[in-house]
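Dear colleague,

Please find below the structure we discussed handing over.

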Amino acid sequence: MESVFQTMGLSSQLVLSLAVALGVFMTVLAIAVPALSGNKLKSRMKSVALERDQIRARERAKLAAEKEQSRGLRHQEKRGIASMVVEQLNLRSLLVDDKTVSNLRAAGYRGQRPLTMFLFARVCAPLVLLAFAGFYIFGIGILSNWPMGVRILVMLIVAYVGFYLPVVIVSNTAQKRRQSITRAWPDALDLMLICVESGQSIEGAFRRVADEIGIQSIPLAEELILLCAELSYLPDRKTAYENLVSRTGLEGVKAVCTALIQAERYGTPLGQALRTMAQENRDMRMNAAEKKAAALPPKLTVPMIVFFLPVLFAVILGPAMIRVLGYD
């Protein structure tokens, strides 16, 4: 090994010092990154509090709508570059539908500002990627041996990818939120059952569970806080439960909300319904884990053939080949 280092112009002491320095750097990085990341729960709860204030303001604005119209008061919001581009190009009517709004809400982006930034990103991302592709293809000279038509086609494909890139990012974020809510939902139902059986109201139970479940799942804590706000300010409690189902898009949440609506309508005990729903959601979570475990062996077949078996053959047959060739 020392001869190899000497041929490369490196001494063993230099290599050892570099290895020690790299180990110290990785150790400091592993300790410093979690410390500098901050508390995500507080920031996310702050954003949810702002959403709750918006719900309160919206409900109060409905009561004073006629009075404001009679006075003719109009409040103009400060518009940025993104909002001006969206309005000038009329992107809301071209690219926005119910599915787009529901996907943004499922990803945790609520309100008009995230929608505006999403539409602005769908316009800017293709232009930025098209500029990068043009710089690398025509400026640096990548793919210079290819025909001009093929290079232009590659640039158009890159721009097309940039047009759908924000949609993919929002979909992935929504999927991660759903996974987090799915994992923590049975535990939240258990906590809710304890709160209800101890004598708390359903609003108090949701609020208490939101405070406790935030350690395990921040998205679920956000949704429960918004549910508490809607239960307090919306005239129909059924609408609040339906909004929770539309934001999450999970069958387990839908079943629980349906049971809560029926319990409030017909006066059935909440404890029994919550206990049954908690057991069903726990079974669903266990079935999903077993399904992933059953799908693991086929997924490991190709990596084992490509990476593990050649190394295993080299370890087993290596000594025998050395003896046969007479190098021992």
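**Findings**

C257 is buried, because its relative accessible area of 2% falls under the 20% cut-off for that class. Please note that the model is a predicted one. The structure contains zero disulfides.

C257 belongs to helix α13, where the buried residues are G252, V253, V256, C257, A259, L260, I261 and A263. An α-helix has 3.6 residues a turn, so residues three or four places apart point the same way. Helix α13 itself spans residues 251–266, 16 residues in total. From its first C-alpha to its last, α13 reaches 22 Å, close to the 22 Å expected at 1.5 Å a residue. Which elements cover the buried residues of α13? Among them are α9 (148–197), α10 (202–213), α12 (237–248) and α14 (270–294). After α13 comes G267, which has a positive phi, near 80 degrees.

In soluble globular proteins, nonpolar side chains tend to be buried together. In this model, the largest nonpolar core has 37 residues, and F206, L224 and Y241 have the most contacts inside it. Two or more residues each are given to this core by α9, α10, α11 (218–233), α12, α13 and α14. Helix α9 supplies the largest share of this core, with nine residues. Apart from this core lies another of ten residues, including L91, L104, A106 and L119.

Once its neighbours within four places in sequence are left aside, L224 is in contact with W185, F206, V209, A210 and I213.

As for the protein as a whole, it has 15 helices and zero strands. Of its 328 residues, 27% count as buried. Among contacts with a separation of 6 or more, 64% are between residues 24 or more positions apart. The accessible surface of the protein comes to about 22200 Å², and 64% of that surface belongs to carbon and sulfur atoms.

With kind regards

Methods
Residues numbered from 1 in each chain as written. Predicted model: local features only at pLDDT ≥ 70, side-chain atom pairs only at ≥ 80, totals over all residues. Heavy atoms only, no water. Helix = DSSP H or I, 4+ residues; strand = E, 2+ residues; numbered from the N terminus. Expected span 1.5 Å × (residues − 1). Buried < 20%, exposed > 50% of the residue type's maximum accessible area, 1.4 Å probe, protein only. Contact = heavy atoms within 4.5 Å. Disulfide = S-S within 2.5 Å. Core = buried A, V, L, I, M, F, W, Y, C linked by side-chain atoms within 4.5 Å. Areas by Shrake-Rupley, 256 points an atom, 1.4 Å probe, with all protein chains shown as cover.
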